[in-house]
Amino acid sequence: MDTNVPANVVDRSVKAQKISMRGTPVLSDGAWSKAIGTTENMWLTTKVYAGGGENALHTHQVEDHLHFVLQGKAVFHFADGSTCEVLPFEGILLPKGAWYRFEAACEENLVMLRVGAAQRKTAGI
């Protein structure tokens, strides 16, 4: 037991979660997605694309989220016509209401960690 926990901490039932992307497949075509962790206000998903992406311009009205590239390259397109290239170990942080789409722009699989966050009691989640 950690002796540095303040005495006024009562709820010791909240536990950390180990997450893993081990077993993420290599694709020859299509896309794959798997939820790998969740808390009350945050969720993590592994996403793999052999090509394509999320091709329709869209937004999430109640969810901030991050797409973090681990392998490959993604090009994000925004409602104002601008684009952003995202390489391995880079990400794009999308606040709720931001309109975007993205595509895989590489010969290898695009592998990303997607992190979503919002108040779960918000309607629409």
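These are legends for several close-up views of one predicted model.

**View 1**
Start by counting the pieces: the chain has 9 strands and 0 helices. Follow the sequence from one end to the other and the pattern reads β-β-β-β-β-β-β-β-β. The radius of gyration is 17 Å, well over the 14 Å that the globule rule gives for 125 residues, so the chain is more spread out than a compact globule. Its C-alpha atoms fill a box of roughly 55 × 30 × 20 Å along the principal axes. As for what is tucked away, 30% of the 125 residues count as buried. And if you take the contacts between residues at least 6 apart in sequence, 62% of them join residues at least 24 apart.

**View 1. Five strands line up in an open sheet.**
Here you're looking at 5 strands in the order E1-E2-E9-E4-E7, with antiparallel pairing. Strand E1 (31-38) and strand E7 (90-94) stand at the edges; each has a single partner strand, so one side of each is left without a neighbour in the sheet. On average, and ignoring direction, neighbouring strands in this sheet are turned by 20 degrees against each other.

**View 2. A hairpin links E1 and E2.**
Zoom in on E1 and you'll find a hairpin of 3 residues joining it to E2. The two strands run antiparallel, and 7 bridges join E1 to E2 (residues 42-49). Two spots are handy for finding your way around. Threonine 38 has tryptophan 43 of E2 as its bridge partner, and alanine 35 stands opposite threonine 45, also in E2.

**View 3. Strand E9 sits between E2 and E4.**
In the sheet order, E9 comes between E2 and E4. On the E2 side, the two strands pair in the antiparallel sense over 8 bridges; look for methionine 42, whose bridge partner in E9 is alanine 117. How many of the residues of E9 are buried? The count is 7 of 8, so E9 is largely enclosed by the rest of the structure.

Now pick out phenylalanine 76 and check its surroundings. Leaving aside residues up to four places away in sequence, phenylalanine 76 touches a list of residues including His67, Cys84, Val86, Ile92, Leu94, Tyr100 and Phe102.

How many disulfides does the count come to? The count is 0. Cysteine 84 is in no disulfide, and the nearest cysteine sulfur, that of cysteine 106, is 15 Å away. Buried or partly exposed? At 28% relative accessibility, cysteine 84 counts as partly exposed. Cysteine 106, at 23%, counts as partly exposed too.

Notes:
Residues numbered from 1 in each chain as written. Predicted model: local features only at pLDDT ≥ 70, side-chain atom pairs only at ≥ 80, totals over all residues. Heavy atoms only, no water. Disulfide = S-S within 2.5 Å. Buried < 20%, exposed > 50% of the residue type's maximum accessible area, 1.4 Å probe, protein only. Pairing = 2+ DSSP bridges. Helix = DSSP H or I, 4+ residues; strand = E, 2+ residues; numbered from the N terminus. Axes fitted to C-alpha atoms, helices over the stretch in contact; angles between N-to-C directions. Contact = heavy atoms within 4.5 Å. Rg over C-alpha atoms; globule rule 2.2 N^0.38 Å.
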